[in-house]
Amino acid sequence: MTSIPQLSAREIAAQIHRKEVSPVEVARAHLDRIERLNPKLNAFVDYKPEAVLAQAREAEKALMHTNQDELGPLHGVPLSIKSSIDVAGHLCEAGSRLRAGYVAGKDAPLVARLRAAGAVILGVTNTPELLMAWETDNLLYGRTNNPWDLTRTAGGSSGGEAAAIAAGLSAGGVGSDGGGSIRVPAHFCGICGLKPTPGRIPSTGHFPKSGGPFALLGVVGPMARTVEDLQILFEVMAGWDDGDPSAAP
């Protein structure tokens, strides 16, 4: 029988909508897996179990008292975010000692959109320093390992995301990509990743800022274990935001 952390984001959402599993049960299953596997993988660098369970309890209340048609497509689904993207109350250090201890004061627009769709945000994942490497290693947290072979790299720069998703620590998440930073770790870890057209998903709240000429290249995008999940995440996050210089109506 397939365990909850092995299900796709779509399958988790469907089971929650049918009340076959509860958001709290789903959250606990992922937190247990993080506790068990993250010490070997070093994928998550900041997660708060009590905050995760509080989100899951709110999702469970909504499930009990809200019309099914009003629930979002990611209701109760646990997701992770690359630690170069602002998640309120979580570290956003981009793997650099220059930003050590920096905590985001508010959610990036894409994170707010995921929450509005019902997602439970687990925490943030490891990156190389300032996202500038093909592997994920830094002086703050060390190396993220590939879940298929701990002696190998998970790739970079969204290597923490790729490792977490491939190992079932999260059902999906968000990375960023200028020269392969979603695509390389997705390939190394055997998951799916999408580098979208600049401006389709707002890069507002990402560090380093996607501005100037780099805005033509650097984007944020979804990562998941199935292409179907990429589409769900993409459609939730996509849309205009005036903080992204590449955004189009």
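**Pocket, cores and local geometry of the predicted model**

The largest pocket holds about 340 Å³ of space. A pocket here is an open set of points on a 1 Å grid over the protein atoms alone, with protein on both sides within 12 Å along at least five of seven lines, whereas a cavity is a set of points where a 1.4 Å probe fits but cannot get out; lining residues have an atom within 4 Å of a point. Grid points are joined across faces, edges and corners, and a volume is the space filled by probe spheres set on the points. The model is predicted, with local features requiring pLDDT of at least 70 and side-chain atom pairs counted only at pLDDT 80 or more, while totals for chains, interfaces and linings use all residues. Residues are numbered from 1 along each chain as its sequence is written, and side-chain values use heavy atoms, with hydrogens and water left out.

The pocket is lined by 22 residues, of which L131, M132, G178, S181 and F214 are the closest to its centre. Two or more lining residues come from each of β6 (172–177) and β8, where helices (H or I, at least four residues) and strands (E, at least two) are DSSP runs numbered from the N terminus. By residue class, the pocket lining comprises nine nonpolar, eleven polar and two charged residues. In this classification Ala, Val, Leu, Ile, Met, Phe, Trp, Tyr, Cys and Pro are nonpolar, Asp, Glu, Lys and Arg are charged, and the others, Gly among them, are polar.

A search of the whole structure returns one cavity of 30 Å³ or more. The volume of the largest cavity is about 30 Å³. Its lining includes P198, G199, I201, D244 and S246, and divides into five nonpolar residues, five polar and one charged.

The largest nonpolar core contains 37 residues, and L74, I81, L110 and L114 touch the most other members. Such a core is a set of buried Ala, Val, Leu, Ile, Met, Phe, Trp, Tyr and Cys residues joined through side-chain atoms within 4.5 Å; buried means under 20% relative accessible area, exposed over 50%, and partly exposed in between (1.4 Å probe, protein chains only). The largest share, six residues, comes from α7. A second, separate core has 25 residues, among them V52, L122, A154 and I182.

Leaving aside neighbours within four places in sequence, I81 is in contact (heavy atoms within 4.5 Å) with residues including V87, V111, L114, I121 and V174. In α7, the buried residues are D229, L230, I232, L233, F234, V236 and M237. These buried residues pack against α1, β2, α4, β6, β7 (192–193) and β8. After α7 comes G239, which has a positive phi near 140°.

S158 is situated in the loop between β5 (149–153) and α5 (159–166). S158 counts as buried because its relative accessible area is 0%. The S158 side chain reaches the backbone oxygen of S181 at 2.8 Å. Not counting residues up to four places away in sequence, S158 touches K82, T136, G175, S176, S181, I182, P185 and M223. One of these residues, G175, belongs to strand β6. G175 is also buried, since its relative accessibility is 0%. With neighbours within four places in sequence left aside, the contacts of G175 are K82, I85, S158, I182, V220, G221 and M223. The C-alpha atoms of G175 and G105 are 20 Å apart, and the two residues are separated by 70 positions in sequence.

The loop between β5 and α5 also contains S157, and the peptide bond from G156 to S157 is cis, with omega near 5°. A cis peptide bond also joins F207 and P208, where omega is about -5°; P208 lies in the loop between β7 and β8.

Positive phi values also occur in residues other than glycine. For K19, in the loop between α1 and α2 (23–41), phi is near 60°. K19 counts as partly exposed because its relative accessibility is 47%. For L130, in the loop between β3 and β4 (145–146), phi is near 55°. L130 is likewise partly exposed, as its relative accessibility is 29%.

Note on methods
A polar contact is a pair of N or O atoms within 3.5 Å; within protein, one must be able to donate a hydrogen and the other to accept it, and residues adjacent in sequence count only if both atoms are side-chain atoms.
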